[in-house]
Amino acid sequence: MTDVLDRDLLLLARTFVRRVEDIKNEFADRDQVLDVVALATLCQEHALLIGPPGTAKTGLLQRYAAMLDTHCFQYLLTKFTEPAELFGPVDVKKFQEDGVYQVKTAGMLPESKLAFLDEIFQGSSAILNSLLTIVNERVFHNGADFIRTDLLSIFGASNEMPDDPVLEAFCDRFLFRCRLDYVPEDAIEHMLALGWRGEQAAASAATGRFPLEQLRTLQRAILGIDLDPVREPLTKLLYAFREEGIDFSDRRAVKSQKAIAASALLGGRARASVEDLAPIVHMWGSPQDEVSIRRIIESQGIPLDRTAADVRDLPEITYDLRHLRLQLEQVRSVEEHREVMRRLGALRHETQTHYPHAAMELAEIGRTQREVMERLREQVTGEDVWNV
């Protein structure tokens, strides 16, 4: 097997990474969370986001769902939450006329691609049992019928991990875990600036998309990644976990291979390498094991903090430009045009920096910028046009 991905697949993977990077630029100190969210959806796994309220979890997932051009079902669970609030109200007409008990799932969690359940561990046993089936088997029991859901991932949020042994099996279905806290002091000013910019101009839903069908292509490609090169180092890691008494179930060990394959795919490789073991740092089962897992992974020489400022090759930039031009057909509002101008400016800067002699590509970017500018002039005054 070659180490290099198919060209189209490589472009698709790089585009996905770029889209996620765009979202990172809209939030202060949330890169790690976005990485976990992206890996979870690519692997069709679930993640727990552990941290206090007010740390942008909801906004971040809304923005990510907009990138995928889908809706994220959201709900705050309390001990009083009824199953109908998540899964749908009883179909009274069907019950009265046919004597059949079913719920109407339109617009509810069973029909969602993404779901965000805040305070997830506050749910009643009835809710958690139904969730367990959806999380584990992607199946919802609607009365006597079995409905296969199209769910990508559920993201659960909580201030802390539960210490109730009854919830352990439920927790273990969430492969990824990520801690969030309020931004550090040196990032507060940056957070304020980004937050104000977000208030002034909500992120455009018409630009920076990565449609679900393209995500499905990447999901299928994960299964084609060669994991043989990492099987031995992964086995050594699992040995080390057991020697130190770290809670890492066999289910998590098996599922970790999907995350390793996804990491290789996003890195543009058809064959996994040792650096792709890094996502395991987000798969701890018990909070007290988090530090130990990180230490063991680092002791095996696995880099955890990637600084790969990838320099894209010219065809990848051209692909991005072509994709942006296609999206132009859907752009309508002033803010959407300004977002396109921002992205074109970034492409121009990238091309000039790394490929200063790419005259044809720079000319194409320039033509597109002028086209967008003309469209902007038709909508706003001359003074506002330049405020992009």
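**Reading the labels in a predicted model**

Mentor: S153 lies in strand β6, which covers residues 153–158. Keep in mind that this is a predicted model.

Trainee: Is S153 buried or exposed, and how do you know?

Mentor: The relative accessibility of S153 is 0%. Buried means under 20%, so S153 counts as buried.

Trainee: Which residues does S153 touch, leaving out those up to four places away in sequence?

Mentor: The residues in contact with S153 are A40, T41, Q44, E45, H46, K113, L114 and A115. To count as a contact, heavy atoms must lie within 4.5 Å.

Trainee: Why is V92 called partly exposed?

Mentor: V92 has a relative accessible area of 45%. Exposed requires over 50% and buried requires under 20%, so a value in between is called partly exposed. V92 sits in helix α5, residues 92–98. Together with V90, F95 and Y101, V92 forms a nonpolar patch on the surface, with about 370 Å² of accessible area for the four together.

Trainee: What makes F16 and F210 an aromatic pair, and why is the pair called edge-to-face?

Mentor: Their ring centres are 5.1 Å apart, and the limit for a pair is 6.5 Å. The angle between the planes is 65°; over 60 degrees counts as edge-to-face, so the label follows.

Trainee: Which parts of the chain does that pair tie together?

Mentor: F16 belongs to helix α1 (residues 7–24), while F210 is in the loop between α8 (188–200) and α9 (212–222), so the pair joins parts 194 residues apart in sequence. F16 and F210 are both buried. The structure holds 5 aromatic pairs, this one among them.

Trainee: How do you know that R177 lies over the face of W284?

Mentor: R177 is at 5.9 Å from the ring centre of W284. The distance cut-off is 6 Å, and the charge must also be within 35 degrees of the ring normal. R177 is reported as lying over the face of W284.

Trainee: What makes D320 and R19 a salt bridge?

Mentor: Their closest N and O atoms are 3.1 Å apart. The cut-off is 4 Å, so the pair qualifies. D320 is in helix α13 (residues 314–328) and R19 is in helix α1, so the bridge ties together parts 301 residues apart in sequence.

Trainee: Are D320 and R19 buried or exposed?

Mentor: D320 has a relative accessible area of 6%, which makes D320 buried. R19 counts as buried at 2%.

Trainee: How many salt bridges does the whole structure hold?

Mentor: A search finds 23. Another of them joins D35 and K24, at 2.7 Å from N to O. D35 is in helix α2 (residues 31–43) and K24 is in helix α1, so the linked parts are 11 residues apart in sequence. D35 is partly exposed at 36% relative accessibility, whereas K24 is buried at 9%.

Trainee: Why are E364 and R367 said to be separated by about one helical turn?

Mentor: Both are in helix α15 (residues 359–377), and they are 3 residues apart, so the separation is about one turn.

Trainee: Which residues are linked with E364 and R367 in a network of salt bridges?

Mentor: R325 and E371 complete that network.

Terms used: Residues are numbered from 1 along each chain as its sequence is written. This is a predicted model: local features need pLDDT of at least 70, side-chain atom pairs count only at pLDDT 80 or more; totals for chains, interfaces and linings use all residues. Side-chain values use heavy atoms; hydrogens and water are left out. Rings of Phe, Tyr and Trp (its six-membered ring) pair if their centres lie within 6.5 Å; planes under 30 degrees apart count as stacked, over 60 as edge-to-face and the rest as tilted. Helices (H or I, at least four residues) and strands (E, at least two) are DSSP runs, numbered from the N terminus. Buried means under 20% relative accessible area, exposed over 50%, partly exposed in between (1.4 Å probe, protein chains only). Patches are made of residues with over 30% relative accessible area and no salt bridge: like charges are joined within 9 Å, nonpolar side chains (Val, Leu, Ile, Met, Phe, Trp, Tyr) within 5 Å. Accessible areas come from the Shrake-Rupley method with a 1.4 Å probe; for residues, only the protein chains shown count as cover. A salt bridge is a side-chain nitrogen of Lys or Arg within 4 Å of a carboxyl oxygen of Asp or Glu.
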